[in-house]
Amino acid sequence: MMASSSQPRSAYVHIPFCHRRCFYCDFPVVPLGDRADGTTSRSVAEYLRWLAEEIGSSPPGPPLSTVYIGGGTPSLLGAAQVAWLLALLDNQFGLAPGAEITMELDPEDICAEHLAGYHAAGVNRISLGAQSFDNGLLAAAGRRHSRQDIETAVALLKAEGLSRWSLDLISGLPGLTPALWEVTLDTALSLSPPHVSLYDLTIGEATVFDRWLEQGRLCLPPEATTATMLDRAAERLGAAGLRRYEISSYALPGHACRHNRTYWGGGDWWGFGMGATSSVAGRRLTRPRTRGGYQAWLHGPRDGTHPPTSVKERLEDLLITGLRRSEGVNRQQLAQQCSLPPKALMTLSPRLERDCAQGLLCCEGPYLRLSQPQGFRFSNQVLADCLLWVEKLFAPGGAAHDTSFVAPA
């Protein structure tokens, strides 16, 4: 079977298992207990067989240029299991020379032997779930590791020669103060990370934090304080040479995450495993979020495919993801990608004009981008205004319906 050149060149693989569910986590995960070992777990072995079925039934090629193994806690797997998983992908699609292969690791799980095995299997980029360097904050969030575990893990990464790695940090945790945040930034920068992913706390439904919030038991930093702390992080990380290339992502030159840029750039990707979503040829396919649901889906009709993306939905997706990037979007290119009239996107709505006047949005010729740091700080407001703009474009008589435009054959 000949592979289509339009097929994805990126793949996400979900490993749902973890020791315990963190108090803020609403991801599709399967807690196995604090003493769990993925190399001997029957549940893990069964799930890996399901992954093999799904990957093996996918259309082949072209070779993957990025792979992201996320979770859950993928570091519950042994090196041989990771090597087997990457061999599955290589056999089905091929792995392009120089492919970026990222794996999420929990600081407490890392040992030199496993790390060397992952590296030998082909993993060349690590996402380290640090979240915080304060032991009290970590315990309050339901994390198992300590500050010492993070520092030890980073030392092992460097000793193994894994130069591409990222620290994940969370702002807005309960109990976090500006003083503690400065300590977090001090400690992070002392480790010389080539990449930092900085997320504001999001409380999902049915999480422990969600229940505590309803009960009045959760004391979160004020929103204005959190925003100030994020601005401080942008300032300090930027001074250390880490460029903010996306709302939540900072990297030294050459260390941006290529896989995530596939999402933000409107590209397609394969998704495999429980709860994973794939995007192929304008169609999204979302898998069930439970182990039993995923097994039934795998051995059944495999429904869950969304209808083909409409032009309006495609434009919304490209705008929202593209504006997350520091370079923003080119409106002329967006119009071309969506087969819209060339001038359809060149006139902004009054709300977006206001955002430009307030310094949140920069409009330079065909380019739109969020300003730094203010535009990134108030990105939710600007992105909401973008969605309202698109609604008007596609309303009767809107610029998207300009009948004088004839799409090229």
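## Basis of the model

The model is predicted, so that local features need pLDDT of at least 70 and side-chain atom pairs count only at pLDDT 80 or more, while totals for chains, interfaces and linings use all residues. Residues are numbered from 1 along each chain as its sequence is written, and side-chain values use heavy atoms, with hydrogens and water left out.

## Overall form

The protein chain contains 15 helices and 16 strands, where helices (H or I, at least four residues) and strands (E, at least two) are DSSP runs numbered from the N terminus. For 409 residues, a compact globule would have a radius of gyration near 22 Å, and the 22 Å of the protein chain agrees with this; the radius is taken over C-alpha atoms, and the globule rule is 2.2 Å times the number of residues to the power 0.38. The C-alpha trace spans about 65 × 60 × 45 Å along its principal axes.

Among contacts with a separation of 6 or more, 71% are accounted for by residues 24 or more positions apart, a contact meaning heavy atoms within 4.5 Å.

## Surface and charge

Of the 409 residues, 49% count as buried; buried means under 20% relative accessible area, exposed over 50%, and partly exposed in between, with a 1.4 Å probe and protein chains only. The accessible surface comes to about 18200 Å², of which 54% belongs to carbon and sulfur atoms; these areas come from the Shrake-Rupley method with a 1.4 Å probe, and for residues only the protein chains shown count as cover.

The chain carries 37 positive and 40 negative side chains, and the centres of the two sets lie 2 Å apart. In this count Lys and Arg are positive and Asp and Glu negative, with His and the chain ends not counted, and the place of a charge is taken as NZ of Lys, CZ of Arg, CG of Asp or CD of Glu.

## Strand pairing

Three strands form an open sheet in the order β14-β16-β15, with antiparallel pairing. Because β14 (329-330) and β15 (361-364) stand at the edges with a single partner strand each, one side of each is left without a neighbour in the sheet.

Elsewhere, strands β9 (residues 243-246) and β10 (residues 249-251) run antiparallel and are joined by three bridges. A hairpin of two residues connects β9 to β10, and R243 has A251 in β10 as its bridge partner.

## Residues in helices

E54 lies in helix α1 (residues 42-56) and, at 2% relative accessibility, counts as buried. Leaving aside residues up to four places away in sequence, E54 touches G271, F272, G273, R287, Y294, W297, L298 and R302. S379, in helix α15 (residues 379-393), is also buried, with a relative accessible area of 8%, and with the same exclusion of residues up to four places away in sequence S379 touches I247 and L370.

R261 belongs to helix α9 (residues 258-264) and is partly exposed at 28% relative accessibility. Not counting residues up to four places away in sequence, R261 touches Y245, A256, R325 and E327. The C-alpha atoms of R261 and G322 are separated by 9.4 Å, although the two residues are 61 residues apart along the chain.

Terms used
Pairing = 2+ DSSP bridges.
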